[in-house]
Amino acid sequence: MSATRKLNPQRLRLLRLLASQYPNRSSVYSKLINLKSELSLPKGTEHFISDIHGEYEAFCHIINNASGVIKDKVKIVLVNSTLKEQNELCTLIYYPGTVIRKLKKDNRFTEAYIKKTIVNLIDMCNFFSSKYSLEKVRSIIKTKFAYIIDEMMHSKSDEDDIRRQYHENILQTIVETGSSELFIRDVCELIKTLAVAKLHVLGDIFDRGPSPDKCMDVLASYHHLDLQWGNHDVLWMGAACGSGMCIINVLLNNLRYNNYKMLENGYGISLRKLVIFSNHTYKEDHYPALQKALSVMGMKLMGAIIDRHPEYNLQDLKLFDSLDLKKGTLKLNDGKTYHLNFTDMPTVDEKDPYRLSPGEQEIIDDLISSFTSSVRLREHIQFLYTKGDMYKCYNGNLLYHGCVPLDENGEFLKIKCNDTYLSGRDYLDYCQTKIREGYTIRDNDHLDFFWYMWTAPLSPLSGRRMKIFEKLLIKEDSILNEPRNPYYDYYHQVKTCEMILKEFGLNPKKGHIINGHTPIMAKKGESPVRARGKLLVIDGGFCRAYQDKTGIAGYTLIYNSHCLHLKAHAPFTNKEDAIESLRDIEDLEELSVEEYQPRKKVADTDWGEELKERVRELNDLLELYENGIIAEKLTK
């Protein structure tokens with residue numbers, strides 16, 4: 001059958017465009033050899049982390065050591081070295097600048113050390129580069145030393161030993177020119193780049209920890225990643241877009257964890273007017289005036305949102321409806337009456353309790369202006385929009401932060417969205433579209449939706465009935481329980497997880513759900529493995545505030561050509577301790593989810609499917625050249 005009869009007109013147009021890139025059979029041969037060879041390479045390493053929560057130092061260490069991947073490979077490459085030598089090389093790779101400064105101070109950054117270290121680092125580069133084509137490795141080396149690194153990585157012996165002498169001269173020249181520190185730092189960064197082909201961040205970069213802004217800077221410079229939004233991230237996205245309600249919640253979170261200085265130092269957001277207003281309006285007693293002011297404004301804004309959106313079904317959150325300031329009580333929809341932490345609310349008008357006072361309105365307007373005009377915050381939020389999604393299907397696995405809402409019977413919950421009911425993947429797609437629209441369409445409908453995604457029980461990013469203001473108002477601890485969507489009960493069942501995987505177009509027998517959001521209470525014997533390995537919870541546990549409850553610093557996940565492994569980490573001390581004591585984050589436990597024999601290859605991945613399609617296209621183009629349908633352009 002001729003090429004013209006096999007290919008439809010659309011395919012033929014595509015191949016004619018492809019011919020401009022590969023103008024003759026020789027160029028097609030070359031690319032086919034390249035692509036088909038790449039399919040046989042081992043699958044690249046994927047690194048999964050979640051719930052960073054502003055814990056910058058612990059997060060940086062996990063990024064630097066790739067959850068132990070680099071240390072494991074150093075043990076293989078430096079098999080004949082001592083444990084101390086292996087740990088020293090690992091620490092150098094993690095923190096090259098700081099370690100080299102310490103070596104210089106201790107007079108240990110000698111010529112012998114430099115030469116030996118560079119040789120070891122190049123060996124590490126070669127080990128990690130075995131998963132990539134030479135073309136790919138060369139594209140990854142983004143440094144002025146690229147040519148020298150390339151030369152050293154591909155040294156060959158010869159009968160006169162000329163190449164060995166050549167490489168010794170390269171080492172000697174690096175030392176003599178004084179470029180040793182820069183060279184070593186660049187090679188260390190290359191090793192970390194080669195070690196992880198793709199980083200997956202499953203949400204909640206913001207809140208709790210002191211430096212979410214610095215964490216965002218690290219992610220923005222990372223070589224290859226994707227993000228799944230968490231409810232804390234969407235809260236900040238809403239604040240940056242001008243939602244007063246989201247801003248109030250951001251401030252309350254930062255006040256709770258004593259991180260509000262980060263707003264001023266990290267994002268240039270001034271709280272001066274808010275603090276002055278709070279101190280002038282509220283009494284400073286056992287309950288901070290600033291928290292009182294934020295709580296009252298938040299309850300007012302929340303009441304207005306609920307009135308605008310009866311479809312949210314959150315009428316019970318209109319707390320002023322059941323608040324008795326004279327008695328100091330609050331009656332909730334559970335029928336119980338609770339005692340208030342404070343009754344000092346001078347801005348509340350009993351006749352119109354949800355109306356902001358002129359002073360409060362001025363404060364809200366000022367805060368909105370500060371959040372929306374912060375250049376650095378805007379850059380970070382734009383990054384979240386560029387790299388982020390509600391969920392991700394990648395290499396047969398489904399990644400998301402929170403949940404896929406289910407009903408009491410374990411079926412996909414039908415949720416009214418505008419004039420139709422949506423569930424499962426359709427509902428998550430709807431939420432994602434609405435969040436994306438909110439960046440440009442900043443009307444009340446879209447700004448309110450950011451808050452809904454942060455806190456509502458039907459939000460795929462939250463999935464629980466958060467009691468933010470009840471917790472601030474009420475003394476009794478019995479209020480702390482926050483009911484969750486049935487998803488968190490049913491996701492222990494294989495049947496449920498396979499139903500979800502199938503809903504998202506993935507193989508329910510082979511795929512896995514990778515989930516963040518909920519800390520694993522390892523201290524109480526809780527496991528991150530659900531449904532016999534179909535679902536894995538990797539809340540990173542970076543947040544120090546939770547580590548006393550969980551007993552660990554959370555879980556991360558590694559998916560490479562050999563295995564799918566969960567790692568439980570001990571709490572990170574600090575960077576100085578890691579360098580001084582050569583102390584890595586200890587792996588408390590390693591859980592094997594799957595082992596692969598034979599190893600997974602590029603051909604088994606999503607990228608492999610793309611390469612196979614490109615191979616098919618090139619084969620079709622080759623046939624067109626052979627049959628004279630498209631004229632070849634000869635090159636010199």
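Me: Which residues does valine 74 touch, not counting residues up to four places away in sequence?

Reply: This is a predicted model: local features need pLDDT of at least 70, side-chain atom pairs count only at pLDDT 80 or more, and totals for chains, interfaces and linings use all residues. Residues are numbered from 1 along each chain as its sequence is written, and side-chain values use heavy atoms, without hydrogens or water. Contact means heavy atoms within 4.5 Å. With those sequence neighbours left out, valine 74 touches Gln86, Leu89, Cys90, Ile93 and Met124.

Me: Is valine 74 buried or exposed?

Reply: Valine 74 lies in helix H5; a helix here is a DSSP run of H or I with at least four residues, numbered from the N terminus. Buried means under 20% relative accessible area, exposed over 50%, and partly exposed in between, with a 1.4 Å probe and protein chains only. Valine 74 has 0% relative accessibility, so it counts as buried.

Me: How far apart are the end C-alpha atoms of helix H6?

Reply: Helix H6 covers residues 83–94, which is 12 residues. The expected span is 1.5 Å times one less than the number of residues.

Me: Which helices do the buried residues of H6 pack against?

Reply: The buried residues of H6 include Gln86, Leu89, Cys90 and Ile93. Valine 74 touches these four as well. The packing partners of the buried H6 residues are H4, H5, H7, H8, H12 and H27.

Me: Which residues have the most contacts inside the largest nonpolar core?

Reply: A nonpolar core is a set of buried Ala, Val, Leu, Ile, Met, Phe, Trp, Tyr and Cys residues joined through side-chain atoms within 4.5 Å. The largest one has 188 residues, and those with the most contacts inside it are Ile435 and Trp451.

Me: At what angle do the axes of H18 and H22 cross?

Reply: Axes are lines fitted to C-alpha atoms, for helices over the stretch in contact, and angles run from 0 to 180 degrees between N-to-C directions. The two axes come within 11 Å. Met302, Ile305 and Arg308 of H18 meet Asn444, Asp448 and Trp451 of H22. The axes cross at roughly 115 degrees.

Me: Is serine 459 buried or exposed?

Reply: Serine 459 sits in the loop between helix H22 and helix H23. Beyond four places in sequence, its contacts are Cys403, Tyr452 and Met453. With a relative accessible area of 0%, serine 459 is buried.

Me: What is the relative accessible area of asparagine 485?

Reply: Asparagine 485 lies in the loop between H23 and H24. Residues up to four places away aside, it touches Val404, Pro405, Leu406, Leu413, Pro457 and Gly463. Asparagine 485 is buried, and its relative accessible area is 6%.

Me: What separates the C-alpha atoms of tryptophan 607 and lysine 43?

Reply: Tryptophan 607 belongs to helix H28, residues 606–626. At 37% relative accessibility, it counts as partly exposed. Along the chain, tryptophan 607 and lysine 43 are 564 residues apart, but their C-alpha atoms are separated by 9.6 Å.

Conventions. Helix = DSSP H or I, 4+ residues; strand = E, 2+ residues; numbered from the N terminus.
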